[in-house]
Amino acid sequence: MTIFGILAPYGAFTFLMLVTSATSSVFAASAICLGTVAIDVARGRSVKILSAGSAIVFAAIGLYLALIDPALGTLGVKLSVDVGIFVISLGSMLIRRPFTLQYALESVPTETAAMPGFLRANYIITAAWTAAALLMTAANLVLLYAPGLPLWSSLAVAFAARNSAIYFTKWYPEYCRIKYGTPARALLSAR
């Protein structure tokens, strides 16, 4: 699935937070994540850690808003989502299954996946996304404890962190191909 498809629930959540309630926004994002999981299952692909984990995070926040604290502010909801993304990303590395590995295994030839640096590259890319989530979390925390700062400062950090992670995700595999080369077997099978 493309990066657009992976980020669609988060984009929908961000947009919906501008036009509707936080509860509706997180439940809609959770539904989009579940739709992504359903598409993967229908196509015979694995259920992704990021999609399933995000569905759980969004639904949990929605249930919290609906049942416990409907007055939780927009900043608190955004902070909760960013912490959830951070936990999913870091957790996937701690259980030794970086979340990017599932996407990569479905999009590269077997020869590439068997290369010694393939797993390491996925750890590095997942670490970039973990760092981006940590930066977004930090930006929201700063706004929470320094409410006088302009809202755009947090949005700028989130935009820069996310776009840097997207750029790195696209750039790093190509860098590895150039640096380490493609094995001869992979070149022969590509002909």
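1. Contact here means heavy atoms within 4.5 Å.

2. Before going on, a word on what you're looking at. This is a predicted model, where local features need pLDDT of at least 70 and side-chain atom pairs count only at pLDDT 80 or more, while totals for chains, interfaces and linings use all residues. Numbering runs from 1 along each chain as its sequence is written, and side-chain values use heavy atoms, with hydrogens and water left out.

3. The fold is quick to list: nine helices and zero strands. Helices (H or I, at least four residues) and strands (E, at least two) are DSSP runs, numbered from the N terminus. The C-alpha atoms fill a box of roughly 60 × 35 × 30 Å along the principal axes.

4. Of the 191 residues, 37% are buried (under 20% relative accessible area; exposed is over 50%, and partly exposed is in between, with a 1.4 Å probe and protein chains only).

5. α1 (residues 3-19) packs on α3 (residues 49-67) at about 20°, with the axes 9 Å apart. Axes are lines fitted to C-alpha atoms, for helices over the stretch in contact, and angles run from 0 to 180 degrees between N-to-C directions. α1 and α3 are therefore roughly parallel (under 35 degrees; over 145 is roughly antiparallel, 65 to 115 roughly perpendicular, the rest oblique). Ile6, Pro9, Tyr10 and Phe13 of α1 meet Leu50, Ser54 and Phe58 of α3. By class, that contact has six nonpolar, one polar and no charged residues (Ala, Val, Leu, Ile, Met, Phe, Trp, Tyr, Cys and Pro are nonpolar; Asp, Glu, Lys and Arg are charged; the others, Gly among them, are polar).

6. Next pair: α4 (residues 74-94) and α7 (residues 118-145) pack at about 155°, axes 9 Å apart, so α4 and α7 run roughly antiparallel to each other. Their contact divides into 16 nonpolar, six polar and two charged residues.

7. From Val47, Ile95 is 48 residues away in sequence and 16 Å away in space, C-alpha to C-alpha.
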